[in-house]
Amino acid sequence: HVRSLPIEKTPSRLLSLSLVPRRISTSSSTSTKLSMAFTVPGKLTIAYFLFNVLYLVMGVGMLGYGVSAVLYLLDYGALSEAVYTAAPIILALAGGLKIVAAILGIVSTFVKWKPLVAIFVIVAIVLMMVTFLSAIVAFLQRPGVFTNVGVQLNDTFASQEAFNQNQEVVATVEDRLTCCGGSNGRGDYNSIELDVPASCVAAENVTMAKSRIPEGCRIHLTRDIQEVLYKVGSVAMGFATFELTGLLVGMQQLDGVL
């Protein structure tokens, strides 16, 4: 009986000792996994998530600015050709689709399903090309604005009937841009025997301390439309360039780095 006691305790002691290294190995593997989460792959995941958040904000900005630019140009009616709204319309459509793509990208960050990431990358590439297209259209249209605006204004002041059809638009342009008539100012009204509106009456210039007569609207309307197109093109080009960096991160996620 005296010798049997150690023999019975020996297996239990060995069993207890055998559990110790297992606990150590489990804790060490857990710490290893935690440490790996904060290495380069983990940072890429965070970068991919932040890019999608910025992508969402960018889409909202593009949609809002595109719509506002379209509405602004539509106020000019026939004096501004409808083709000038093409670039901001493309920008707005791209912005709306980017909102959907950003939500898709955010979901793919947590789901980590490769096909979903692949869909996001493909959609983002297409939308980036569409955004570049918006910038190209806007920049290509700017040089021809002066000629087209001149044609529209000349047609408007060709007769009283033509003027009556666009009278409200002309008034909007004159009030917004502080100008008068078409290319010749008050002379355009005199040529078709129309009363000169209040916007064409000499106004007091406080800084120069003398009266001034507003210039013709052709140059002012041209500059205003060109400025809108320039802003649309710049916004589109800037956002499209930014997307290139984010797409590289998305492609790395697709390759299984994360």
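**Entry 1: a charge over a ring**

I began with Arg-176, which lies over the face of Tyr-72 at 4.1 Å from the ring centre; a charge sits over a ring if NZ of Lys or CZ of Arg is within 6 Å of the ring centre and within 35 degrees of the ring normal. I then looked up Arg-218, which lies over the face of Phe-146, at 3.9 Å from the ring centre.

I note here that this is a predicted model, in which local features need pLDDT of at least 70, side-chain atom pairs count only at pLDDT 80 or more, and totals for chains, interfaces and linings use all residues. Residues are numbered from 1 along each chain as its sequence is written, and side-chain values use heavy atoms, with hydrogens and water left out.

**Entry 2: aromatic pairs**

How many aromatic pairs does a search of the whole structure find? I noted five, where rings of Phe, Tyr and Trp (its six-membered ring) pair if their centres lie within 6.5 Å, and planes under 30 degrees apart count as stacked, over 60 as edge-to-face and the rest as tilted. One of them joins Tyr-72 and Tyr-76, an edge-to-face pair with 5.8 Å centre to centre and 80° between the planes. Is Tyr-76 buried or exposed? Tyr-76 is buried because its relative accessibility is 0%, whereas Tyr-72, at 25%, counts as partly exposed; buried means under 20% relative accessible area, exposed over 50%, and partly exposed in between, with a 1.4 Å probe and protein chains only.

I also looked up Phe-163 and Tyr-189, whose ring centres are 5.6 Å apart and whose planes meet at 80°, so this pair is edge-to-face. The pair links distant parts of the chain, since Phe-163 is in helix α6 (residues 160–165) and Tyr-189 is in helix α8 (residues 186–191), 26 residues apart. Phe-163 is buried, with a relative accessible area of 6%, and Tyr-189 is buried at 2%.

**Entry 3: the chain as a whole**

I found nine helices and two strands in the chain, where helices (H or I, at least four residues) and strands (E, at least two) are DSSP runs, numbered from the N terminus. Along the sequence they follow the pattern α-α-α-α-α-α-α-α-β-β-α. The chain has 258 residues, of which 36% count as buried.

**Entry 4: the nonpolar core**

Which residues touch the most other members of the largest nonpolar core? I wrote down Tyr-55, Phe-120, Val-173, Tyr-189, Leu-221 and Ile-225, in a core of 45 residues; such a core is a set of buried Ala, Val, Leu, Ile, Met, Phe, Trp, Tyr and Cys residues joined through side-chain atoms within 4.5 Å. The elements that give two or more residues to this core include α2, α3 (86–111) and α9 (217–254), and its largest share, eight residues, comes from α4. Leaving out residues up to four places away in sequence, I found that Tyr-55 touches Lys-98, Ala-101, Ala-102, Phe-120, Ala-124, Leu-127 and Glu-243, a contact being heavy atoms within 4.5 Å.

Val-60 is found in helix α2 (residues 40–74) and is partly exposed, with a relative accessible area of 47%. Its C-alpha atom is separated by 9.7 Å from that of Leu-97, 37 residues apart along the chain. Gln-167 lies in helix α7 and counts as partly exposed at 42% relative accessibility.
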